[in-house]
Amino acid sequence: MTRPSSLRRAGATALALTAVAASAPAADAQYPTKPPAAAAVQPAQLPPFQEEVLPNGLRVVLVENHRDPIVAFRLVLPAGRLYEPKGKEGISEMAAGLLTKGAGSRTADQVAEAIEGAGGSLSGAADDDFLALTGSVLADQTALAFQLLGDAVARPAFPDKEIDLLRTQTLSALQLEQSQPASIAARVFAAGLYGDHPYGRRPTPETVRAITKADLTAFQQTRLRPRGGLLVIAGDVTLEQVRALAAQHLAGWTGYPAANPAFGAPPTRARPEIVLVHRPGSVQSNIVVGNLTAGPGDPQVFAAMVANKVLGGGSDARLFDILREKKGWTYGAYSSLARPRGTGYFNATAEVRTEVTDSALVELLAQLRRLGNEPVPATELENAKGALVGIFPLTVETAQQVAERVAFVKTRGLPGDYLQTYRTRLSGVTAPTLQVAARRWVRPQQALVVVVGDGQKIHQKLAAIGSVRIVTPQGDAMSVADLTPRASAVALDVSRLAARRDSFVVRVQGNPMGASVYELAKDADGWVVREATTIAGGMIQQNTTLRTDASLAPRALEQRGKVQGRDTKADVTFAGGRAKGAAQTPSPQGIKDVAVDAELPAGTLDDNAAAFALPLLRWAPGAKHVVSTFSAGKGVAVPLTYEVKGTESVTVPAGTFEAFRIEQSGGDQPIAYFVTTAAPHRLVRIVVANQIEMALAK
Amino acid sequence: MTRRSRTRLAGLLAVPLVAGAPLPATLAAQQPAPAAEGPLPAKIPLERYQLPNGLTVILNEDHSAQVVTVDVWYDVGARNERPGRSGFAHLFEHMMFQGSSNVKKGEHFQLVERAGGSMNGSTQIDRTNYFQTLPSNRLNLGLWLEADRMRSLAVTPENLKNQQEAVKEERRLRFDNQPYIGTVLLSLAAAYDPKTCFAYGHELIGSMDDLNAAKVEDVQAFFKQYYAPNNATLVLTGDFQPAEAKRLITQYFGDIARVDAPPPVQCDQPFNPGEQRRRVTDAKATLPATFTVWRIPETKHADTPALQFLATILGQGESSRLNKAIAREAKAALGLQTFLNAVGPTRGPGTFGVLAIANQGVPADSLDRLIAREIARIAESGVTEAELAKAKNAYRASTINTAQTSLGRAEAIHHATMFLGDPEAVNTDIRRYLAVTAADVQRVAKAYLRPENGLFTLITPPEAPKP
């Protein structure tokens, strides 16, 4: 938003307008034709910290800065992923989100109103080790900040409505993650790297559904305690004020968190291991390569940071330059170091075209080895150090940034002069010290390699590089044979097909947002499937006409749609075992053009026929069918697995039905279909990615 | 290359068109906002001087962080364009990253990145800015990069061709292919008559035809005219020694030649020209919408603070009047938002806009009536003290937050200098805002948001093809 302004003050400017240059240029001060050299780096001048332990045991670090009347704060408590009970993964993040959604005497709306009305902010989040509440207020509202913080940690209400809302949002986010290869790769990488150590565990839909209000309350009661916690305050406030406000608003909050649970050390790896996450139909491969490193206070950490910068810390680094600029294999390739309180890790990532997966991985591993085998040339070293040393002051400019940095130092148990000496220690890294550190911090010979991609296309190539373990995106083991699932010759009982029309209500996160109509009609050559969907008042629209033969095998597809104002379409004809045509389909990067020219295994159905085809399969508890399914958006046919996961009573506008819950896997997102157990087996409900539901209306 | 955003048109691109997210059905009981009295931002000390070639320099020495910002504003924007040459100011912003005598194409980014800094540029209706934030020991780099392109920009046919395509692509992606935004931008310009006020009566991004027609000679002439030291202001904020900074500024900028002053900007445009209504079809829209623009005075006018708070109270945030009454209660709109000067502050006439996107089945004109009713409520009964206090707190906090960074301070100093006519206003302007009364807000609502002062655009989606 542009900064608004006020009237001009009457009269002339208060400033004298000196119409001469401040000083005459010296005779030798010619205009330089090369970038001027950097001036010397001055020692860091961070404001001094004051530190004390409040009577209730909470450690407070105050960074006074009275230039601007603003106070930033960060309350950090040991209540992150490390402390989540098994089976309740995700509870720290949910608790963090809910602490500000109703606490003390305020409802969620009132908390938001209070903080916004005071020109401030307050939010919660959790990571590997910690749960943190972060925010800022105008200095005259510091008391309000303490009141809201005290209420949040000691008196959260965890209202059912807010729990349900956040749970729904969390489930949606998890489902979205499952459709994004980079997220799948990160999750599988963490699990492989840390094994059963809590850093490697992640929430799943099951664990998020299992979290109850009682669990949240117990987590808050046992973990959110002042002893062992840290409150960093930066800005226009004094230690006396902090003491007084804490006495008023945090005094009733006492005690220790529960003892730390015991957990095993992360696994060690003697040789490289490749985990292939099979994602059928993937046109690219997401590669993650990495290894465990050391604790956050390791003496080699500065050399390791420079090594990481040289290798992949941005667009001015080796991986980006080689994999993207020189080879053109990828849009970006980067590396990073993670520094939690316990053992951290190094990793390098690249998203590459499927056909260059093996070349890119070989190059990536070669670059990792090179870091330990060759000294970094002087210019490259200076550029990397220059960028790291240079950016540091930009990261401690505001009170909020200072509070975050100080909290990092304190929670990692780093030395008191860590920030003061940060730049000099980076500057002191030499090519030999970098090389020594790289051998310990970047270990391709013991790396975990995760590749998310189409296993059918890349498995053999990866097997030539190292031993490969194959898993599904959910992490379940697969065999090489599973990569080519035999789409069974589908036993569709087409004698049960009859012209009809089904209307569905579309709900998004439980709210009615649109309608979808499916119609099946007979024509001279077989069947015509018509579908019309409108969601969110037309933000999403789709009209489909699919012509099939008498056994529902596709002949021609015509689809027109709009997603938030962008046109989507598909025109595909099916003949001689091939699909040909073109599609424009939504993707996270916008509308994507897909040229369709694909071979279709016998028995392939178009995904638009699923609503009519599914009820024709033979269903029983435990039944499983693999159906080769063409999707115009992907431009290929992939085998989709449909499996009965139970029987449920389903209530939709059309009535209440006993139905098989049939889960589809192998596609981009999980879909659950509900087909009545009784004949005529009707499809009464579809749930896409846990967030979009279609319920039979009539 | 698209690896980072290098250019942006101000303001409007940040329009958060509220998606169909479910809203809480009722508002919880409101707690009174605390009174908007309290500490003011710290004083920003300034020193201003001018080089013999006319370059205005303003220094804000501040050693609270080891950071400097070098921020150059050129007094050129869409308002300086002539008929047939629309879009030049923005096209030019792209050209400024194509290299100069001593800086190769792409090297500007690389040099700043290797120094640990950040940089960008943007175009508004009244000005174009270029800035880099750097660790303080690289002050010389920031100054030199700005000096090199001011003295020797590479305006070559290849670079021009290249950037014409980049700008056209930007236009397609960000305006032509997005619902409502193109219509909104056109409407903002349409509030003013291009015959008497071309400066404010044409689109910031420019027409495709004009962009296609741009010749390298035109662009060279534009550079010579507007990218001269006497048409620029250099603001330096942060951790530097003034004597050293002045020495570098003289060395790098001192011998760049001044040029004749650019022709003055003409705009002859009355308020209240009579109610104007029009209907447009937006090819990318799927829901009806309305966009209304009312004419308001220049940014330094005494009524601007009250207009700012009117915009906040009426249509900024979930608890604003329009969102409560029309989106949450009447459920007639998917989302509504007000804009004060959506394409940047001005020294000429400004705009007050309201964009509302209807819910399915709600015709645009009935949405328009609902908005008119809410405006009438403020004109007749005013706003509450609690609403005003909340708006003031938000403004005070945003002013203080802005001043926390060297870039924020540099932009605020430029703003005060160009739009309020006095750099010192960066320290004093907030008092005008805190002095606004509820009666002031009511008065400006009555004075400016009246039908005969507005341009009402009803936006309809294209008709659905008949089955």
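Chain B is assigned two domains, domain 1 (41–253) and domain 2 (270–460). The model is predicted. The C-alpha centres of domain 1 and domain 2 of chain B are 27 Å apart.

The interface between these domains was examined next. In chain B, 47 residues of domain 1 contact 47 residues of domain 2. The size of an interface is often expressed as the accessible area lost when the parts come together. For domain 1 and domain 2 of chain B, the buried area is about 3,800 Å². Carbon and sulfur atoms supply 67% of this area. On the side of domain 1 of chain B, the most area is lost to domain 2 by B:Trp73, B:Tyr180 and B:Leu188. Together, B:Trp73, B:Tyr180 and B:Leu188 account for 19% of what that side buries.

Polar and charged pairs also join the two domains. Between domain 1 and domain 2 of chain B, 5 salt bridges are counted. A salt bridge links the side chains of B:Asp75 and B:Arg347, with an N to O distance of 2.7 Å. Across the interface of domain 1 and domain 2 of chain B, 20 residue pairs are in polar contact, both residues being at pLDDT 80 or more.

Several elements of chain B give two or more residues to the side of domain 1 that touches domain 2. The strands are β3 (56–61), β4 (67–74), β6 (128–135) and β7 (232–238) of chain B. The helix is α5 (181–190) of chain B. By class, this side of domain 1 of chain B comprises 26 nonpolar, 12 polar and 9 charged residues.

Note on methods:
Residues numbered from 1 in each chain as written. Chains lettered and ligands numbered in written order. Predicted model: local features only at pLDDT ≥ 70, side-chain atom pairs only at ≥ 80, totals over all residues. Heavy atoms only, no water. Domains from an automatic or database assignment. Contact = heavy atoms within 4.5 Å. Buried area = accessible area lost by both parts, 1.4 Å probe. Salt bridge = Lys/Arg side-chain N within 4 Å of Asp/Glu carboxyl O. Polar contact = N/O pair within 3.5 Å; in protein donor to acceptor, adjacent residues only side chain to side chain. Helix = DSSP H or I, 4+ residues; strand = E, 2+ residues; numbered from the N terminus. Nonpolar A, V, L, I, M, F, W, Y, C, P; charged D, E, K, R; others polar.
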